[in-house]
Amino acid sequence: MSNLYNRLAKVYEAMYQSFIDYEQEYQFYNKILTAYRINNVLEIGCGTGNLASYFIRNKMGYCGLDISEPMLAIAQKKNPNGKFIQGDMRHLQINSPLESIIVTGRTLNYLVEDTEVTSAFHSFF
Ligand SMILES: C[S@@+](CC[C@H](N)C(=O)[O-])C[C@H]1O[C@@H](n2cnc3c(N)ncnc32)[C@H](O)[C@@H]1O
């Protein structure tokens, strides 16, 4: 799968914004984060940084993580002030405490085996 996004990062970038309302999604997540007084978010599977742009613009502490370097390169180019790191959600290694993690369904659905789901949620915890 990761190879898919490595090869098609530019296609993804051109396509997804045409049919996903990222602003509406940002409002959805931001409402929940605000209710819990969250100021920092880690987005797992951030892709090319479409949601990132909204969090960064609105001064939320934001870090995007993705398994695909080409996706991260586009995200970083679009959001020069953003923080983006490479990682695998099934084996996260983050040593500092996090206030919140978000993962869109479009990323979670790449966990296809029960063991992968368990590993990912274990590493989120
Ligand atoms: C359909 S894209 C969604 C990207 C972004 N969340 C969005 O909505 O625009 C799925 C993303 O999940 C990433 N991904 C897939 N498996 C992953 C894993 N095990 N760990 C981290 N990222 C992963 C892919 O590289 C890709 O960027």
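Helix 1 (2–16) and helix 5 (105–108) each contribute at least two residues to the shell around the ligand, helices being DSSP runs of H or I of at least four residues, numbered from the N terminus. The model is predicted: local features need pLDDT of at least 70 and side-chain atom pairs count only at pLDDT 80 or more, whereas totals for chains, interfaces and linings use all residues. Residues are numbered from 1 along each chain as its sequence is written.

The largest share of the shell, 3 residues, is supplied by helix 1. Of the 20 residues around the ligand, those that come nearest are G45, G47, I67, S68 and M89; a residue is near a molecule if its C-beta atom, placed from the backbone, lies within 6 Å of it. By class, the shell holds 9 nonpolar, 7 polar and 4 charged residues (nonpolar: Ala, Val, Leu, Ile, Met, Phe, Trp, Tyr, Cys and Pro; charged: Asp, Glu, Lys and Arg; polar: the others, Gly among them).

Helix 2 (residues 22–35) and helix 3 (residues 50–57) have axes that come within 9 Å and cross at roughly 55°. Helix 2 is therefore oblique to helix 3 (angles under 35 degrees count as roughly parallel, over 145 as roughly antiparallel, 65 to 115 as roughly perpendicular and the rest as oblique). Y22, E23, E25 and Y26 of helix 2 make the contact with N50, L51, Y54 and F55 of helix 3, where contact requires C-beta atoms, placed from the backbone, within 7 Å. This contact comprises 5 nonpolar, 1 polar and 2 charged residues.

Just after helix 3, K59 adopts a positive phi of about 65°.

Technical notes:
Axes fitted to C-alpha atoms, helices over the stretch in contact; angles between N-to-C directions. Contact = placed C-beta atoms within 7 Å.
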